[in-house]
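I opened this model to look up its helices, its nonpolar cores, its salt bridges and a few residues in loops. My entries are in the order in which I looked.

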Amino acid sequence: MPRTARGRRASLRGPIIATVLAAVYAAVALANGADRIASTKEAKALHFPRALAVESLGLAGERAIADARYDDALSIAHSAVARAPIEPSSTALLGAAWLGKGDEDRARDAFTVAGRLGWRVPLTQAYWMRAALEADDTRIAALRLDALLRQQPALLAEDRLFAPLEGSPERRAALVSRLATRPPWLADYVNDHGAASREAMLRRASVLLMLAATGQRLGCDMIRPAAVRLVVLNEPAVAQQVWRAHCGNAPMPQA
């Protein structure tokens with residue numbers, strides 16, 4: 001492998017792992033909720049044969065990855081694959097474990113199988129989103145992000161998922177093409193609930209301006225949170241641009 005390609009691949013290892021782990025953290029949060037629900041069904045929980053466990057292995061593996069216990073995760077993933085070889089989440093867990101251990105070739109092999117088995121696994125979507133960005137295939141990267149957010153809306157809070165696509169005009173255009181379809185996460189993308197940083201909101205403003213330029217105006221009610229947040233972050237001029245682009249000449253709201 002040429003040195004430049006090797007260096008580029010190594011430099012992206014951290015972001016790949018970070019993106020995949022972002023999906024894992026959401027899955028673990030959901031698992032905690034599932035645990036609470038399961039606790040109300042004590043008879044079923046107590047009598048479920050652990051030797052037949054498959055889903056619980058996946059939750060244990062995700063928790064191990066979230067805790068950076070990659071050796072444990074790898075062992076759990078091998079057990080999950082052995083018990084459910086055609087379950088895409090088992091192979092995705094194996095890929096995430098190898099990725100955490102820094103073995104990119106084995107991780108890619110595992111995620112390739114996981115993708116062939118099914119695409120409704122957040123870990124798989126996150127991995128192939130980043131792979132598409134490595135290959136500068138921004139259209140596919142945006143499609144993967146869209147699918148990921150449809151599965152895990154909580155990941156809208158993960159700025160590291162959006163930053164790569166918001167960072168350049170070419171990549172923003174790919175993201176705008178998804179926003180133009182009015183995905184179910186659009187409203188939450190515009191309304192950050194007061195959490196986005198100045199840098200994140202400035203990138204988001206560029207996306208929203210590009211969206212309006214395509215003829216997709218969101219209207220006053222939907223764009224209000226973004227405009228207000230920009231004012232709060234001491235960016236009144238940008239806020240005014242975004243507001244006018246999507247709301248026309250109506251008076252801009254005060255922060």
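The entries below go from the whole chain to single residues.

**Ground rules.** I am working with a predicted model, in which local features need pLDDT of at least 70 and side-chain atom pairs count only at pLDDT 80 or more, while totals for chains, interfaces and linings use all residues. I number residues from 1 along each chain as its sequence is written, and the side-chain values use heavy atoms, with hydrogens and water left out.

**Overall.** I looked up the secondary structure and found 15 helices and zero strands; helices (H or I, at least four residues) and strands (E, at least two) are DSSP runs, numbered from the N terminus. Of the 255 residues of the protein, 46% count as buried, where buried means under 20% relative accessible area, exposed over 50%, and partly exposed in between (1.4 Å probe, protein chains only). The accessible surface comes to about 12,900 Å², and 54% of it belongs to carbon and sulfur atoms; these areas come from the Shrake-Rupley method with a 1.4 Å probe, and for residues only the protein chains shown count as cover. I also noted that, among contacts (heavy atoms within 4.5 Å) with a separation of 6 or more, residues 24 or more positions apart account for 63%.

**Cores.** For a nonpolar core I use a set of buried Ala, Val, Leu, Ile, Met, Phe, Trp, Tyr and Cys residues joined through side-chain atoms within 4.5 Å. The largest one holds 41 residues, and L145, L179, W185, Y189, L208 and I223 touch the most other members. Two or more residues each come from α8 (122-134), α9 (138-151), α10 (159-166), α11 (169-179), α12 (186-190), α13 (198-213), α14 (220-232) and α15 (236-247), and α13 gives the most, with six residues.

**R171.** I located R171 in helix α11. A polar atom of the R171 side chain lies 3.3 Å from the backbone oxygen of P164, and, leaving aside neighbours within four places in sequence, R171 is in contact with L133, D136, T138, P164 and L165.

**N191.** I placed N191 in the loop between α12 and α13. N191 counts as partly exposed because its relative accessibility is 24%. The C-alpha atoms of N191 and A227 are separated by 9.4 Å, although the two residues are 36 residues apart along the chain.

**Positive phi.** Which residues did I note with a positive phi although they are not glycine? A68 has a phi of about 65°, and R182 has one near 55°. I kept in mind that most residues other than glycine have a negative phi. A68 sits in the loop between α4 (55-66) and α5 (70-83), whereas R182 sits in the loop between α11 and α12. A68 counts as partly exposed because its relative accessibility is 45%, and R182 because its value is 41%.

**Salt bridges.** With a side-chain nitrogen of Lys or Arg within 4 Å of a carboxyl oxygen of Asp or Glu as the rule, the count comes to twelve salt bridges. The side chains of K101 and D71 meet at 2.5 Å, N to O, and this pair links distant parts of the chain, with K101 in the loop between α6 (88-100) and α7 and D71 in helix α5, 30 residues apart. K101 is partly exposed at 40% relative accessible area, whereas D71 is exposed at 53%. R224 and D221 form another bridge, at 3.9 Å, N to O, and both lie in helix α14, three residues apart, about one turn of the helix. D221 is exposed, with a relative accessible area of 66%, while R224 is partly exposed at 34%. Salt bridges that share partners join D67, R69 and D72 into one network, in which the side chains of R69 and D72 meet at 3.0 Å, N to O.

Terms used:
A polar contact is a pair of N or O atoms within 3.5 Å; within protein, one must be able to donate a hydrogen and the other to accept it, and residues adjacent in sequence count only if both atoms are side-chain atoms.
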